[in-house]
Amino acid sequence: WQAPDDDIFARSEKSWVKVGSVDDFAPNVGSPILVGDTQLAVFNNAKRGEWYCTQNMCPHKQAFVLSQGILGDANGIEKVACPLHKKQFALKDGAQIDGDLKILTFPVKIERDAVLVELPAEKELDAILGTNGLRVMKTDCIDITGDAIKVPPRGAKVEIPGDYVDGQKELEKLMKDEASSGGSPLGGGSNSTIPVEVNK
């Protein structure tokens, strides 16, 4: 996912939301905050007396890590570098420095001791940046570990109802029997397993 070039919340009604007090945010680093289901990163650049707020997800690999990024300056542009792959984003407008990725940014102001971020309604924010919407929650991929045949190591004893026999010989016999019958070598379903006792 990548932020569009235009202001995605341009037509949204926005309000100033208190996200904490000045003391809640360490100087010269980022801090993650959660608004509804959306992770944001607030940066207190105490060296310059500036505050910024961005999405916490780096669009490069969709990792929620920008709040752990390194603050810096690139030719007068305040930036954050993603801690994973060092993609750099301007904190004012979200543009990637030397790249075509972009992150969403939000205005920040300080009133008395309160840190306020101008945000659209929580429902709109979650629809675009909500953590659950950007995370894989369900997949149609097959769980291959559940369907995998458990092959015993060489020399292991395999339990066949009531007996312990040499695992390799029994496996070879099962495979040969199965090849001639056209079914599963373990019988039953694909989740059948053979208990293994390894000789120590």
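**View A. Burial of strand 3 in the predicted model.** Strand 3, residues 38-45, is mostly covered, with seven of its eight residues buried (under 20% relative accessible area, where exposed is over 50% and partly exposed lies in between; 1.4 Å probe, protein chains only). Strands are DSSP runs of E with at least two residues, numbered from the N terminus. The model is predicted, and local features need pLDDT of at least 70, side-chain atom pairs count only at pLDDT 80 or more, and totals for chains, interfaces and linings use all residues. Residues are numbered from 1 along each chain as its sequence is written, and side-chain values use heavy atoms, leaving out hydrogens and water.

**View B. The hairpin of strands 2 and 3.** Strand 2 (residues 29-35) pairs with strand 3 in the antiparallel sense over seven bridges; pairing requires at least two DSSP bridges between two strands. Pro-32 has Ala-41 of strand 3 as its bridge partner. Two residues separate the strands, and Gly-36 in the turn has a positive phi of about 65 degrees.

**View C. The hairpin of strands 3 and 4.** Six bridges link strand 3 to strand 4 (residues 50-55) in the antiparallel sense. The bridge partner of Phe-43 is Tyr-52 in strand 4. Four residues lie between the strands, and Gly-49 in the turn has a positive phi of about 70 degrees.

View D. Strand 11 and strand 12 (residues 114-120) run antiparallel and are joined by four bridges, and Lys-109 has Leu-116 of strand 12 as its bridge partner.
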